[in-house]
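Visitor: Could you walk me through a few details of this model, one question at a time?
Guide: Gladly, here it is.

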Amino acid sequence: MHKKEEVYSSVIFFNAVLPLMKVIANDVPELKKKFKGMNAVVQISAVDPEYPGGKRSTCFFIKNGAWTVKLDTVHNSPDVEIGFNSIEAMNGFFKGKMNLKTLPRKIKGVGKMDVLVAFVSVLLKMSSLLSATEAPKDKKSQELMVKCFFYLLSTGISKLNKAGYPSIHDWALKSPDRVYAWAVDGYPSVSAHMRVKEGNTKAGRGDYKKAMTFFTLRFDSLPSALGILLGTDDMLEAVKAGRLIMDGAPEFGGQIGGFMLEVGALAK
């Protein structure tokens with residue numbers, strides 16, 4: 001039987017981390033070029049005897065270079081597949097704990113080497129972004145990094161609620177209809193949000209259009225956002241200096257900040 005922490009980590013990787021590959025493949029020009037005109041089905045999977053069907057996967061359908069991500073989808077004959085012996089092995093691999101137990105049990109794609117090479121290039125770019133310890137120098141890379149972290153955190157919190165993660169699920173059950181958001185002044189393209197209502201949550205990308213947000217964790221710049229996201233800046237000092245603005249009651253900022261840390265801990 002899996003340890004609960006391993007199950008929750010796999011929820012983060014399958015549902016919040018791996019979908020970022022589409023964002024990266026679209027936003028990095030040299031990577032986008034690799035998929036021009038490409039048609040392929042790619043998936044990352046892990047054997048899981050405790051899961052219906054005995055296997056879990058996130059599947060990527062690439063049609064004429066455009067990506068569609070399908071969660072909780074197992075394709076029987078993908079063109080490329082990176083498969084792990086267990087969710088524990090997959091978690092370890094994506095957390096950077098490389099050893100014989102965490103390496104993929106199979107890498108299918110010899111007949112589609114161009115797809116495999118391009119896909120692995122995106123995987124490596126994602127790994128470098130999410131494992132960074134300091135902010136990149138150029139604005140484009142900063143923008144992509146903040147966007148990926150915002151998407152990861154909003155989706156991660158929502159998916160953990162649906163998986164029954166105790167602290168988040170208890171909070172969601174007691175919550176009225178509210179929308180929480182993450183934003184950076186002057187960069188609407190990196191924003192993300194999450195709606196919560198009586199136990200249900202749904203994450204989204206971009207600004208929430210249907211109503212005003214209940215609480216927004218807003219930063220004055222990309223470097224300020226990365227200071228908090230990478231843990232190189234102190235949250236209280238950032239608030240005092242105006243680098244971090246809590247649009248809403250401060251106690252909700254502490255609550256959401258705590259959930260962000262929990263998502264980060266499960267992904268490391």
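**Rings, helices and loops**

Guide: Let us start with Phe84, which is buried, its relative accessible area being 0%; buried means under 20% relative accessible area, exposed over 50% and partly exposed in between, with a 1.4 Å probe and protein chains only. A word on the source: this is a predicted model, where local features need pLDDT of at least 70, side-chain atom pairs count only at pLDDT 80 or more, and totals for chains, interfaces and linings use all residues. Residues are numbered from 1 along each chain as its sequence is written, and side-chain values use heavy atoms, with hydrogens and water left out.

Visitor: Which kind of aromatic pair do Phe84 and Phe93 form?
Guide: Rings of Phe, Tyr and Trp (its six-membered ring) pair if their centres lie within 6.5 Å; planes under 30 degrees apart count as stacked, over 60 as edge-to-face and the rest as tilted. By this rule the model has 15 aromatic pairs. For Phe84 and Phe93, the centres are 5.2 Å apart and the planes stand at 55°, so the pair is tilted.

Visitor: Is Phe93 buried or exposed?
Guide: The relative accessibility of Phe93 is 17%. Because buried means under 20%, Phe93 counts as buried.

Visitor: How are helix H2 and helix H6 oriented to each other?
Guide: Helices are DSSP runs of H or I with at least four residues, strands are runs of E with at least two, and both are numbered from the N terminus. Axes are lines fitted to C-alpha atoms, for helices over the stretch in contact, with angles from 0 to 180 degrees between N-to-C directions. The axes of H2 (residues 20-27) and H6 (residues 139-162) come within 10 Å and cross at roughly 160°. Angles under 35 degrees count as roughly parallel, over 145 as roughly antiparallel, 65 to 115 as roughly perpendicular and the rest as oblique, so H2 is roughly antiparallel to H6.

Visitor: How many charged residues are in the contact of H2 with H6?
Guide: Contact means heavy atoms within 4.5 Å. Leu20, Val23, Ile24 and Asp27 of H2 meet Leu144, Lys147, Cys148, Tyr151 and Leu152 of H6. Ala, Val, Leu, Ile, Met, Phe, Trp, Tyr, Cys and Pro count as nonpolar, Asp, Glu, Lys and Arg as charged, and the others, Gly among them, as polar. The contact has seven nonpolar residues, no polar ones, and charged residues numbering two.

Visitor: Is Lys147 buried or exposed?
Guide: Lys147 is found in helix H6. Leaving aside neighbours within four places in sequence, Lys147 is in contact with Val23, Asp27, Ser189 and Val190. At a relative accessibility of 11%, Lys147 counts as buried.

Visitor: How is H6 oriented to helix H7?
Guide: The axes of H6 and H7 (residues 166-174) come within 8 Å and cross at roughly 85°. That angle makes H6 and H7 roughly perpendicular.

Visitor: Where is Asp72, and is Asp72 buried or exposed?
Guide: Asp72 has a positive phi of about 50° although it is not a glycine. Its place is in the loop between strand S3 (66-70) and strand S4 (80-84). With a relative accessible area of 51%, Asp72 is exposed.

Visitor: Is Glu198 buried or exposed?
Guide: Glu198 lies in the loop between strand S7 (192-197) and strand S8 (200-205). Its phi is near 50°, a positive value in a residue other than glycine. At 58% relative accessibility, Glu198 counts as exposed.
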